[in-house]
Amino acid sequence: MLKRTSYILTTILLPLVALLAIVIYNLVQSISGAPTEVKIPKIGYVDQVGIFSAATNQPGAELIPYESADAAKADLINDTIKEYFIIPVDYVASGVLERFSLKTELEPGQGSSTAIEDFLIANLLKNAVSPDITARVQAPYTLNNTVLDESGNVAEGQGGFGAYILSYLFSLLLLMSIFTASGFLLQGLVEEKENRVMEVLLSSVSSRQLIAGKVLGLGAAGLVQIVIWLVSYKLLLPFASSSIGGLFSSLVFPPSIVILSLIYFILGYLLYGILMAGVGAIAPSAQTGQQMSTIFSLVAAIPFMLMVFIIENGDHALNIVLSLFPPTAPLTVMMRLGQGIPVWEIIASIALLVLAILGSLALAARIFRTFLLMYGKTPSFKDIVRSLRQA
Amino acid sequence: MPAVEVIDVVKTYGDKNVVDKVSFNVEQGQILGLIGPNGAGKTTTIRMLMDIIKPDAGEVRILGQTFGEDAKDLVGYLPEERGLYKRMTVMDTLVYFGTLKGMTPAEAAARAEKWLRRVNLSAHQRKKMEELSHGMAQLVQLVSTVLHDPRLLILDEPFNGLDPVNMQLVKEIIANQRGEGKAIILSTHRMNEVEELCDSVFMIDKGEGVLQGSLADIKRRFRGNTLVIESDGTPPGNLEGVSSVKHAGARTEVVMAEGTTPQRVLEQLVKQRVAVTRFEVVTPSLNDIFIRIAGENY
């Protein structure tokens, strides 16, 4: 597999594309010179109350006073301002503003809303409280969150963006590995069946050794690919733009989460690799094999489809079931690791996964033995069940 | 101790006994011809011999031990259809198969070079398998079978696709392997090759053993009661113990009566002073025997 063009291309292409993107971005930056000045949007307003004249320079917008709605409307149409609002005479009692813009929108942009809100608060409180209190009213709190474990100490997994990213990244890598490696596995097995190499191989090794060898070989190749990607990520990070580079370099991956993610990654890959090998033994052609393997791919993808639910509902019964059920365990547990998951669930799910791997290896070996040398015919489900019973 | 003992082996698929209580032995330094019509159960028998599929009953013993994973390195298997990686080079292929049989890559490469010289393919060792002719690929497959110096060789149609020169070469290699004490099972439809190379024959039909024994014994068993005599043209006189005599030119065909031996007929010819230039007990070829048995079971 290591010599396959598609494998080499996939392995090298991803870092190369990232490098190319960085080079192009930096090139564009150097050609266009210094970053252009950020244009602060202008928002017009008509104050019919007569108390709103201060704090017109907000971080997200500059507020321009107008004597009349018509003057504001004229400037809106000739693009001097992006929108305007009217503060009616009864505003203090009603709290209602009239807003006008040229664009249809789902709701006003966050920047405009915040700027108008801060502008109104600053003016309403300017004679009542100190500027510090006004600022606190505008931004009442910044939350510093700390997760404690059951003994009251600071827990290792603190959740947050890094944990989400790690869960997402490993889940995505496992899913990609399952899809790509199983494709290679199926293709390889079907080719070896077609060119009769399989018969020669089985005269030298047992069917169990053959499956284990193929799955481990492809798994090692998959890990090499991931290691190359991770090393390239580390090497390319310093060259990335400050905004993206800063975001990624600020991520903290706790060692326990990394190790557990790797364990689940390997166990998950082994389980699906063995199942796919079983499919490869039955399938008469690569195309049929891909169709037959769709069921496993779908099962593998269930936690990915439920990702938001899984991450937001820590100990929900469905999460526990998905964490213990071997085919969905790797992805589900990886997703929950960042948020914290009871130790017993981790131990139980690893034990069940190992049992499932050994069980599927034994079953796949039997299927191999019976169907691998059956050329040009797809056995029925009944045939498979019968052969497993007889074996 | 026989090199191979197949004892009452049974393989059933569904309700059908594909192989039914088959038993035979192969001695060391001997070649057994495994013959039978298409679909008779030869391939299933071979796969059970190779431990690729497990028998439902019975046992296969190699050099006295029950055949299992440990015994696989003792066997070299040449399948009927070529099983080679098309995009691998000849040398890489041989080294790969050698290492599967427990050799180190260096050892496998050294032996591969020696064997490629033997089959005149040294110049092709860096070529990909897909660049070789069918006959050349067949020779590479044979080399991969004998590379690890196995004690038992199972050769399924080894002469397929070979020209007469290479066919002779393969026959010599097979004969040499026998000379080195290897036990060989030769499965083929070419009866003349079986007659030329094999010490014994096992014929399977509809999953059952229908013919077994040394080639000489089998021929004796199927020998007819017809004699062909060639002489100087003098017709033989009255012969006792014969049921009919046909004479034409220098050739006389005599059918012996029940209980008469060729020796008794020859003695009478000598007494009659017939100048015998040829005296032959007509024996059927293995091909005739095969057709006769397979035809009876058809």
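The model is predicted, so local features need pLDDT of at least 70, side-chain atom pairs count only at pLDDT 80 or more, and totals for chains, interfaces and linings use all residues. Residues are numbered from 1 along each chain as its sequence is written, chains are lettered from A and ligands numbered from 1 in the order in which they are written, and side-chain values use heavy atoms, with hydrogens and water left out.

The model has an ipTM of 0.77 and a pTM of 0.68. pLDDT is the predictor's confidence in each residue, from 0 to 100. Chain B has a mean pLDDT of 89. In that chain, 99% of the residues reach 70 or more. Among the elements of chain B, helix α3 (residues 105-118) has the highest mean, 96. Helix α9 (residues 286-297) of chain B has the lowest, 79. Where pLDDT is low, the predicted coordinates should not be read in detail.

Helices (H or I, at least four residues) and strands (E, at least two) are DSSP runs, numbered from the N terminus. Chain A contains 16 helices and five strands. Chain B contains nine helices and 14 strands. A residue is buried under 20% relative accessible area, exposed over 50% and partly exposed in between (1.4 Å probe, protein chains only). Of the 391 residues in chain A, 40% are buried. For the 298 residues of chain B, the buried share is 49%. A contact means heavy atoms within 4.5 Å. In chain A, 67% of the contacts with a separation of 6 or more link residues 24 or more positions apart. In chain B, residues at least 24 apart make 67% of the contacts between residues at least 6 apart in sequence.

Helix α2 (residues 69-77) of chain A shows how burial can be arranged along a helix. Its buried residues are A72(A), D75(A) and L76(A). Seen down the axis of α2(A), these residues fall within an arc of 105°, so they line one face of the helix. The arc is that of the directions from the helix axis to the C-beta atoms. An α-helix has 3.6 residues a turn, so residues three or four places apart point the same way. On the face turned away from the buried side, α2(A) carries the exposed residues D70(A) and I77(A). After α2(A) comes D79(A), with a positive phi near 70°.

Two loop residues also have positive phi. A55(A) is not a glycine, yet its phi is about 50°. A55(A) sits in the loop between β1 and β2 (57-58) of chain A. Its relative accessible area is 33%, so A55(A) counts as partly exposed. D149(B) is likewise not a glycine, and its phi is about 55°. D149(B) belongs to the loop between α4 and β7 (152-156) of chain B. D149(B) is partly exposed because its relative accessibility is 42%.

A further loop residue of chain B is N238(B), between β11 (226-231) and β12 (242-248). N238(B) is exposed because its relative accessible area is 72%. Leaving out residues up to four places away in sequence, N238(B) touches Q268(B) and Q272(B). N238(B) and Q268(B) are 30 residues apart along the chain, while their C-alpha atoms are separated by 9.0 Å.

Cavities were examined next. Rolling a probe the size of a water molecule over the atoms shows where empty space is left. On a 1 Å grid over the protein atoms alone, a cavity is a set of points where a 1.4 Å probe fits but cannot get out; lining residues have an atom within 4 Å of a point. Grid points are joined across faces, edges and corners, and a volume is the space filled by probe spheres set on the points. The structure holds three cavities of 30 Å³ or more.

The largest cavity has about 80 Å³ of space. Its lining includes V200(A), S203(A) and S204(A) from chain A, and Y77(B), F97(B) and H148(B) from chain B. In chain B, β6 (75-78) and α4 (134-146) each give two or more residues to this lining. Three lining residues are nonpolar, six polar and one charged. Here Ala, Val, Leu, Ile, Met, Phe, Trp, Tyr, Cys and Pro count as nonpolar, Asp, Glu, Lys and Arg as charged, and the others, Gly among them, as polar.

The second largest cavity has a volume of about 40 Å³. L202(A), S206(A), S207(A), R369(A), D51(B), I52(B) and K72(B) line this cavity. The lining of the second largest cavity has two nonpolar, two polar and three charged residues.

How values were computed: 1 Å grid on protein atoms, 1.4 Å probe; cavity = no way out; pocket = protein on both sides within 12 Å on 5 of 7 lines; lining within 4 Å.
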